[in-house]
Amino acid sequence: MTSAVDEAQLEAGFQATIDRKDRIEPRDWMPDAYRRTLVRQVAQHAHSEIIGMQPEGSWIGRAPSLRRKAILLAKVQDEAGHGLYLYSATETLGVSRDELTEMLISGRQKYSSIFNYPALSYADVGTIGWLVDGAAICNQVPLCRTSFGPYGRAMIRICKEESFHQRQGYELLMTMMRGTDEQRAMVQESVNRFWKPALMMFGPPDAESANTEQSMAWGIKTHTNDELRARFIEMTAPQAEALGVTLPDNELDWDEFWTVVKGGGPCNEQRIAHRKQAWDDGAWVREAAAAFAGLDTSSPRGSDYSITGRQS
Ligand SMILES: [Fe+2]
Ligand SMILES: [Fe+2]
């Protein structure tokens with residue numbers, strides 16, 4: 001049991017570490033609210049990588065050539081890897097992978113709203129790489145210096161791969177733009193659908209973003225939503241021009257954003273149903289792997305701390 005004085009000292013030491021731009025590591029003391037914020041953010045990020053495999057994954061069997069299939073397979077597989085690094089980083093905060101998956105499936109934890117939009121044409125594979133992975137890079141490069149060590153280190157490798165994803169998307173769109181009128185129209189139509197949802201990936205405007213201030217004081221976030229959104233537009237506008245597409249220029253619909261976040265987007269139900277099915281189908285694999293490793297599956301690793309704040 002720590003006294004109020006001890007706790008104040010621990011908190012001061014914690015904040016000093018952050019202010020020096022050093023990392024907080026899993027064994028270090030941290031305030032409960034910092035731990036909860038990180039669990040929410042890193043898990044949401046992990047879930048986004050895993051759910052994000054679905055829209056593009058649906059095109060693997062319909063890729064127009066062997067080369068395009070190989071590229072898309074590698075890209076989607078990278079996203080699975082990102083999800084795994086990030087689930088591991090979340091586990092260092094004392095939540096088990098099973099608990100995280102359960103919170104995703106039950107809707108208690110969220111994932112990026114962008115993945116609730118369908119991929120309707122092959123041009124969408126290019127647009128997702130260019131705009132969605134592009135927006136992810138803007139969000140994630142600053143996170144390489146985030147205050148929690150395992151998260152920051154996972155981001156360094158993830159960012160390298162996201163940058164490859166962005167280029168492969170751009171290369172696909174460039175190839176289509178050099179093709180027929182019909183292909184050019186497909187690209188423009190796809191960009192029209194994805195541009196605004198991609199801008200909304202940065203989250204609500206700063207004035208409405210409840211968590212930003214505290215997250216910045218803790219060094220979890222280093223830039224505000226609006227700053228990152230502006231940076232992304234700046235980066236993307238010249239690329240759109242080189243590509244020969246027009247970026248739609250109208251107001252973002254934040255009511256739509258909140259509807260999609262709360263489960264009312266075009267694909268929310270389908271995404272979660274698919275994830276649940278995959279999780280259920282994989283139960284025997286997890287059991288077999290645990291039995292092979294001689295583990296007791298009734299006490300999953302890391303579950304000595306639950307995010308409700310109970311500690312045993
Ligand atoms: Fe990723
Ligand atoms: Fe990616």
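The legends below describe close-up views of a predicted model.

**View 1**

**View 2. Glu79 and His82 in helix H4.** Both Glu79 and His82 belong to helix H4 (residues 66–91), where they are three residues apart, about one turn of the helix. Glu79 has a relative accessible area of 5% and is therefore buried, being under the 20% cut-off; His82, at 0% relative accessibility, likewise counts as buried.

**View 3. The iron ion (ligand 2) and its protein donors.** Glu79 (OE), Asp133 (OD), Glu162 (OE) and His165 (ND1) coordinate the iron ion (ligand 2) at 1.9 to 2.2 Å. The angles subtended by these four donor atoms run from 92 to 152 degrees, which makes the arrangement around the iron ion (ligand 2) irregular. The donors of the iron ion (ligand 2) are spaced E-x53-D-x28-E-x2-H along the chain. Because Asp133 lies in helix H6 (residues 122–140) and Glu162 in helix H7 (residues 149–177), the pair ties together parts that are 29 residues apart in sequence. Asp133 is buried, with a relative accessible area of 4%, and Glu162 is also buried, with a relative accessible area of 1%.

**View 4. The pair of iron ions.** A distance of 3.4 Å separates the iron ion (ligand 1) from the iron ion (ligand 2), and Glu79 bridges the two.

**View 5. The largest pocket and its lining.** The largest pocket has a volume of about 1300 Å³ and is lined by 49 residues, of which Gln41, Gln44, Ser112, Met201 and Gly203 lie nearest its centre. Elements that give two or more residues to this lining are helix H2 (32–51), H4, H6, H7, helix H9 (212–217), helix H10 (225–243) and helix H11 (254–264). H2 gives the most to the lining, with seven residues. Sorted by class, the lining of the largest pocket has 19 nonpolar, 18 polar and 12 charged residues.

Note on methods
Residues numbered from 1 in each chain as written. Chains lettered and ligands numbered in written order. Predicted model: local features only at pLDDT ≥ 70, side-chain atom pairs only at ≥ 80, totals over all residues. Heavy atoms only, no water. Helix = DSSP H or I, 4+ residues; strand = E, 2+ residues; numbered from the N terminus. Buried < 20%, exposed > 50% of the residue type's maximum accessible area, 1.4 Å probe, protein only. Donors = N, O, S within 2.8 Å, 3.2 Å for Na, K, Ca; no water. Tetrahedral: all angles 85-135°; square planar, octahedral: opposite > 155°, others 65-115°. 1 Å grid on protein atoms, 1.4 Å probe; cavity = no way out; pocket = protein on both sides within 12 Å on 5 of 7 lines; lining within 4 Å. Points joined across faces, edges and corners; volume = space filled by probe spheres on them. Nonpolar A, V, L, I, M, F, W, Y, C, P; charged D, E, K, R; others polar.
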